[in-house]
Amino acid sequence: MLDSLITSKTRLKLLIKFFVSASNRGYLRGIAEEFNESTNAIRKELNQLTEAGYLIREEGEKRVFYRANSKHTLFGSLQGLIHHFLGIDQIVDQVLARAGDVEQVALLGDYAQGIDSGHIEVLVTGQNIDSAYLLQAAEKAEKLLDKKVSLYLETPEQVRSKIILYSK
């Protein structure tokens with residue numbers, strides 16, 4: 001859906017990276033390596049998004065970093081659109097509705113880093129969690145979103161990034 005509206009794959013990846021979580025940030029070469037794209041393509045899109053006010057440019061640590069402008073009037077709308085595109089909103093709603101006494105829902109892995117890899121990893125913690133229901137919900141979400149969904153009830157050993165989507 002969103003990829004038909006935003007035809008630049010590079011721009012879509014950047015929007016996902018920066019708007020899946022306001023705390024995500026990156027610099028030109030790091031993003032180019034992460035996306036496996038040329039620095040020129042990344043630079044062009046970063047400049048356009050910065051000029052439009054969607055991203056903020058910050059100099060420091062001998063690099064120029066970019067992050068989402070959370071004060072932009074469309075920040076909430078864009079973040080909601082990205083969450084809807086990734087299916088995060090549906091997963092969280094399903095989990096909270098019937099999973100038990102949920103204390104926290106967190107997004108892990110690639111999507112927590114803003115990378116649309118097609119593999120959504122979700123951590124659910126709490127008391128009396130209905131694991132059978134959660135596994136069934138994950139299977140339904142996979143079919144609905146056409147993405148692989150991995151569900152964890154305990155934090156995996158190697159967690160690169162974590163975004164808390166819900167906390168009691």
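1. Helices (H or I, at least four residues) and strands (E, at least two) are DSSP runs, numbered from the N terminus. By that count, the chain has eight helices and seven strands.

2. A word on the ground rules: this is a predicted model, in which local features need pLDDT of at least 70 and side-chain atom pairs count only at pLDDT 80 or more, while totals for chains, interfaces and linings use all residues. Residues are numbered from 1 along each chain as its sequence is written, and side-chain values use heavy atoms, with hydrogens and water left out.

3. Now the overall form. Along its principal axes, the C-alpha trace spans about 50 × 35 × 30 Å.

4. Of the 168 residues, 43% count as buried; buried means under 20% relative accessible area, exposed over 50%, and partly exposed in between (1.4 Å probe, protein chains only). The accessible surface of the chain, from the Shrake-Rupley method with a 1.4 Å probe, comes to about 9,400 Å², and 46% of this surface belongs to carbon and sulfur atoms.

5. Contacts here mean heavy atoms within 4.5 Å. Among those between residues at least 6 apart in sequence, 64% join residues at least 24 apart.

6. The aromatic rings deserve a look. Rings of Phe, Tyr and Trp (its six-membered ring) pair if their centres lie within 6.5 Å; planes under 30 degrees apart count as stacked, over 60 as edge-to-face and the rest as tilted. A search of the whole structure finds two aromatic pairs.

7. Phenylalanine 19 is buried at 1% relative accessibility, and phenylalanine 75 is buried at 11%.

8. Tyrosine 27 and phenylalanine 65 form an edge-to-face pair, 5.7 Å centre to centre with 75° between the planes. Tyrosine 27 lies in strand E1 (residues 25-27) and phenylalanine 65 in strand E3 (residues 63-68), so the pair ties together parts that are 38 residues apart in sequence. Tyrosine 27 is partly exposed, with a relative accessible area of 25%, whereas phenylalanine 65 is buried at 8%.
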